[in-house]
Amino acid sequence: MTTISEQDMLSMTRSGWYRALAAAVRDPRSGAVNVLEEEETWALLEASADFLRQVPGVADVQLAPGELPPSELDPAHLREHWDVGFDQRAFFFDQVFGLVTSKDCPPYETDYCPQTFSVHRSQEIADIAGFYKAFGLEPSRERRERADHIALELEFMAWLIAKEQHASATSGPDSDEARVCREAQGRFLTDHLAWWAPAFACALRCRSDGLAGQDDIADPPSTYLGAFARLLVSFIPIERAICDVPPPPAPVAPAPPREAPAAGGGCGGGAGAPPPS
């Protein structure tokens with residue numbers, strides 16, 4: 001009988017959480033949400049929350065502004081509000097995000113970029129797309145979306161974890177292939193996810209749950225998108241602990257773009273795309 005190693009269990013658990021979170025913030029009419037219609041997904045989330053909290057370093061992780069402690073990682077609220085049904089979820093999704101990008105809680109990384117010049121933001125989107133392409137991902141022809149959408153960034157992390165697990169199984173955990181995937185997780189988390197996810201989650205909860213601001217983020221959610229946001233900010237510090245990523249230096253907020261002929265700079269940490277695996 002084949003047994004699953006603790007490292008394989010960690011990889012499957014992490015990628016499963018990323019996929020579930022990505023599905024929760026997708027348009028309910030998208031086929032991408034089907035993962036949350038599977039009982040196996042909820043069983044994985046419920047069984048693995050405690051497992052993640054016991055990973056070395058997680059309990060002592062330093063929280064960034066807007067994050068919740070790993071002890072708050074509990075899928076129960078999301079399951080409760082997800083079960084209201086498809087029609088209500090679709091109606092509420094449209095109320096929150098609308099037919100055009102919401103200015104209150106945009107789900108795009110570069111909308112939180114302190115560098116408001118459009119050229120800076122275009123460079124950041126190109127950098128994100130470079131990450132995707134370097135690891136074998138191309139834009140979907142069926143679901144066209146900006147590369148910096150929160151769901152795509154979450155899905156990409158799941159992809160990197162799966163690629164590391166495959167490389168470890170075929171070439172060994174110390175192989176160059178596995179190392180590149182492992183290092184890319186930390187770089188992408190630092191430069192293109194962890195620094196803005198708490199700001200997006202707070203803005204989303206203010207919009208969907210009617211919170212007054214960041215001081216209320218620990219309050220129980222009243223909607224499925226609020227439940228997603230609460231899970232996101234308790235999962236990100238777990239990932240930072242696993243990938244050894246320090247907390248972002250300062251909170252951010254959505255900022256409208258403006259035009260300028262300037263070039264250079266960046267939103268998060270100013271990374272380049274990793275080498276192909």
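**Exercise 1. Work out whether Met 9 is buried, partly exposed or exposed, and find the patch that includes Met 9.**

Step 1: Met 9 has a relative accessible area of 32%. The cut-offs are under 20% for buried and over 50% for exposed, with partly exposed in between (1.4 Å probe, protein chains only). So Met 9 is partly exposed.

Step 2: Met 9 sits in helix α1, residues 6-24. Helices here are DSSP runs of H or I with at least four residues, strands are runs of E with at least two, and both are numbered from the N terminus.

Step 3: Now the patch. Ile 4, Met 9 and Met 12 make up a nonpolar surface patch, with about 250 Å² of accessible area together. Patch members have over 30% relative accessible area and no salt bridge; nonpolar side chains (Val, Leu, Ile, Met, Phe, Trp, Tyr) are joined within 5 Å, like charges within 9 Å. The areas come from the Shrake-Rupley method with a 1.4 Å probe, and for residues only the protein chains shown count as cover.

Before you go on, a word on the source: this is a predicted model, where local features need pLDDT of at least 70 and side-chain atom pairs count only at pLDDT 80 or more, while totals for chains, interfaces and linings use all residues. Residues are numbered from 1 along each chain as its sequence is written, and side-chain values use heavy atoms, with hydrogens and water left out.

**Exercise 2. Sketch the chain as a whole.**

Step 1: Count the elements: there are 9 helices and 0 strands.

Step 2: Buried residues make up 49% of the 277 residues.

Step 3: Check how far contacts reach along the sequence. Contact means heavy atoms within 4.5 Å. Of the contacts with a separation of 6 or more, 77% are between residues 24 or more positions apart.

**Exercise 3. Check the span of α4, then list what its buried side packs against.**

Step 1: The expected span is 1.5 Å times one less than the number of residues. For the 12 residues of α4 that gives 16 Å, and the end C-alpha atoms are 16 Å apart, so the two agree.

Step 2: The buried residues of α4 are Arg 89, Ala 90, Phe 92, Phe 93, Val 96 and Phe 97. They pack against α3 (76-82), α8 (197-209) and α9 (224-243).

Step 3: Zoom in on Arg 89, which is buried because its relative accessible area is 4%. Beyond its neighbours within four places in sequence, Arg 89 touches Pro 28, Glu 37, Trp 82, Val 84 and Tyr 224.

Step 4: Just past the end of α4, Gly 98 has a positive phi of about 70°.

**Exercise 4. Find out where Tyr 112 lies and what surrounds it.**

Step 1: Tyr 112 is in the loop between α4 (86-97) and α5 (118-134).

Step 2: With a relative accessible area of 1%, Tyr 112 is buried.

Step 3: Leaving aside neighbours within four places in sequence, the contacts of Tyr 112 include Cys 105, Trp 195, Phe 200 and Pro 254. Trp 196 is also in contact with Tyr 112; the two are 84 residues apart in sequence, yet 6.6 Å apart in space, C-alpha to C-alpha.

**Exercise 5. Compare two salt bridges: Glu 67 with Arg 240, and Arg 179 with Asp 176.**

Step 1: Side chains of opposite charge can pair when their charged atoms come close. The rule here is a side-chain nitrogen of Lys or Arg within 4 Å of a carboxyl oxygen of Asp or Glu, and the whole structure has 19 such bridges.

Step 2: Glu 67 and Arg 240 meet at 2.7 Å, N to O. This pair links distant parts of the chain: Glu 67 is in the loop between α2 (39-53) and α3, Arg 240 is in helix α9, and they are 173 residues apart. Glu 67 is buried at 6% relative accessibility, and Arg 240 is buried at 1%.

Step 3: For Arg 179 and Asp 176, the closest N and O atoms are 3.7 Å apart. Both are in helix α7 (residues 176-192), 3 residues apart, which means about one helical turn separates them. Arg 179 is partly exposed at 33%, while Asp 176 is exposed at 52%.
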